Amino acid sequence: MADQTADVLLGRIRGEEWALGARLPGETTLAAQLGVGRSTVREAIRQLAGRGVLSARQGAGVFVTALDAREDWDAVLQRADIVSVIEARAAIEGDAAALAAERRSPDDLRAIRRALRHRAEHRSDLEEHVDADLAFHRAIVVAAANPILTELFDGFTPRLRQTMIAMLRIRVSFGGDEDHEAHMRLADAIRSGDAAAASRLSRSHLASLKDGLR
């Protein structure tokens, strides 16, 4: 019911019943207009606020901040092709690797080493290899000590996992010595605090994945 109510409200906003910056009627009025309870209206407003359409201001009311909703992140990822996903990885992980080299703690370095060992032990089964690889890269993102990067990576992971499995099936071979040595060099750059090298190695690895699809 809240989803349907959000859709109705969004339709009215798209129809410019309320102008950009306008204040919506109160919950009681909207509930009566829409034939739903106030809790349903409240949840619908929360959904639209999360999509950037509405903004609730304490003591002032709910205001229109956009005349359309930005596209749902999951829907974008579902349509993304393999190359687009790899490019997005490079944008996130290249900066994260540099920050990790500058900010890593002893606990972070231990986590990266554990993840690298785990990755080395799972180089034959495709899905286990992808899971171990993602755990290694996540350890680096966490070491960057930027919660937004970690949140982006975690939100990206389900689609990323599907894409990496599909890509490695196309390539057939995976988990070879050269690939694992590239990950070892990345871990070493972070351990030594070389931000430029860490970023370069991260981006280079992902560029090689992209080039392998051509």
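Trainee: In this predicted model, how far does helix 9 reach from its first C-alpha to its last?
Mentor: Helix 9 runs over residues 177-192 and has 16 residues. At 1.5 Å a residue, the span expected for this helix is 22 Å, and the reach in the predicted model is close to that value, namely 22 Å.

Trainee: What covers the buried residues of helix 9?
Mentor: The residues of helix 9 that are buried are Asp179, His180, Ala182, His183, Leu186, Ala187, Ala189 and Ile190. What covers these buried residues includes helix 5, helix 6 (106-121), helix 7 and helix 10.

Trainee: Which residue just after helix 9 takes a positive phi?
Mentor: The place to look is just after helix 9, where the phi angle is about 80°. The residue that takes this positive phi is Gly193.

Trainee: Is Ser204 buried, partly exposed or exposed?
Mentor: Ser204 is found in helix 10, which covers residues 195-211. Buried would require under 20% relative accessible area and exposed over 50%; because the relative accessible area of Ser204 is 45%, this residue is partly exposed.

Definitions and conventions
Residues numbered from 1 in each chain as written. Predicted model: local features only at pLDDT ≥ 70, side-chain atom pairs only at ≥ 80, totals over all residues. Heavy atoms only, no water. Helix = DSSP H or I, 4+ residues; strand = E, 2+ residues; numbered from the N terminus. Buried < 20%, exposed > 50% of the residue type's maximum accessible area, 1.4 Å probe, protein only. Expected span 1.5 Å × (residues − 1). Contact = heavy atoms within 4.5 Å.
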